[in-house]
Amino acid sequence: MQKIVIGLVGQIACGKGVVKKYLINTNNASDYRFSTILRDAMGRLSIETSRENLQKFSTLIRQNFGEDILAKAIAQDARDDQSQFIVIDGIRRMADIKYLKELPEFRLISIFADKDIRLQRVINRNENPGDDKKTMEEFEKEEMAETEEQIPEVMSHADFNIINNGTWDELHSQIDKIVAEIRK
């Protein structure tokens, strides 16, 4: 079986993590997340892992060590991973896909969901401190952060697109069709 590497791109709370979890469960996939590198370093430095701090830390690292610093690490991890199926979550910048696109088995999937739905997901999952009280104004401000600016452009380079406004069954059906197409 040919190795498959899938990258996921989409705006905040569009469903990247849910798609990743489904792919992991149905394909016994390895997984990587860009923010894991940041969260690990921030945890070691005792920096609170709020979305704002993650955005600041990402910008700081990229400005000082190159836009592609995280992409190089993730691409190397995917290259070295012996798994037949790999999922990479949290792609945000054109530099993030530069090295991944060099992997012949890489396919990029964009995930879209309406803004109101995404805000409610942020509130419900409460992943970062204060998310459970997030307002639309705060949410829109986060979406305008430097770390989020290139997401629409990256999404335009996707090999496949998912619309995640519906039911679990509709989402799973879209994912299954994409995986079947990639396996052809």
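The model is predicted: local features need pLDDT of at least 70, side-chain atom pairs count only at pLDDT 80 or more, and totals for chains, interfaces and linings use all residues. Residues are numbered from 1 along each chain as its sequence is written, and side-chain values use heavy atoms, with hydrogens and water left out.

Start with the sheet. Five strands form an open sheet in the order E2-E3-E1-E4-E5, and the pairing is parallel. Strand E2 (30-33) and E5 stand at the edges with a single partner strand each, so one side of each is left without a neighbour in the sheet. Neighbouring strands are turned by 20 degrees against each other on average, direction ignored. Helices (H or I, at least four residues) and strands (E, at least two) are DSSP runs, numbered from the N terminus. Two strands pair if DSSP finds at least two bridges between them. Strands of a sheet pair through backbone hydrogen bonds, either parallel or antiparallel.

Now look at strand E3. Strand E1 (residues 4-10) and strand E3 (residues 85-91) pair in the parallel sense over five bridges. Gly7 stands opposite Ile88 in E3, and Ile6 stands opposite Val87 in E3. E2 is joined to E3 by four bridges, and these strands run parallel. Here Ser30 stands opposite Ile86 in E3. Is E3 enclosed or open to the outside? Seven of its seven residues are buried, so E3 is largely enclosed by the rest of the structure. Buried means under 20% relative accessible area, exposed means over 50%, and partly exposed is in between (1.4 Å probe, protein chains only).

Strand E4 (residues 106-112) is joined to E5 by four bridges, and the two run parallel. Ile111 stands opposite Ile162 in E5. Side chains alternate along strand E5 (residues 160-163). Phe160 and Ile162 point to one face and are buried.

Helix H1 (residues 16-27) lies across E1, E2, E3, E4 and E5, and runs at about 175 degrees to E3. H2 touches E2 and E3, and its direction makes about 65 degrees with that of E2. Axes are lines fitted to C-alpha atoms, for helices over the stretch in contact, and angles run from 0 to 180 degrees between N-to-C directions. Contact means heavy atoms within 4.5 Å.

H2 also meets H3. Their axes come within 10 Å and cross at roughly 95 degrees. H2 and H3 are therefore roughly perpendicular to each other. Angles under 35 degrees count as roughly parallel, over 145 as roughly antiparallel, 65 to 115 as roughly perpendicular and the rest as oblique. On the H2 side, the contact uses Phe34, Leu38, Arg39, Ala41 and Met42. On the H3 side, it uses Asn53, Leu54, Phe57, Ser58, Ile61 and Arg62. By class, this contact has seven nonpolar, two polar and two charged residues. Ala, Val, Leu, Ile, Met, Phe, Trp, Tyr, Cys and Pro count as nonpolar, Asp, Glu, Lys and Arg as charged, and the others, Gly among them, as polar.

Stay with H3. The buried residues of H3 are Arg51, Leu54, Gln55, Phe57, Ser58, Thr59, Ile61 and Arg62. Their cover includes helix H2 (34-44), helix H4 (69-80), helix H5 (94-98), H6 and H7. Thr59 lies in helix H3 (residues 51-65). At 15% relative accessibility, Thr59 counts as buried. Leaving out residues up to four places away in sequence, Thr59 touches Arg93, Glu146 and Thr147. After H3 comes Gly66, whose phi is positive, near 105 degrees.

The loop between H2 and H3 holds Thr49. At 26% relative accessibility, Thr49 counts as partly exposed. Leaving out residues up to four places away in sequence, Thr49 touches Arg39, Met42, Leu54, Asn128 and Pro129. The C-alpha atoms of Thr49 and Pro129 are separated by 7.9 Å, although these residues are 80 residues apart along the chain.

The axes of helix H6 (residues 115-125) and helix H7 (residues 136-143) come within 11 Å and cross at roughly 100 degrees. H6 and H7 are therefore roughly perpendicular to each other. Lys115, Asp116, Arg118, Leu119 and Val122 of H6 make the contact with Met136, Phe139, Glu140 and Glu143 of H7. By class, four of the contact residues are nonpolar, none polar and five charged.
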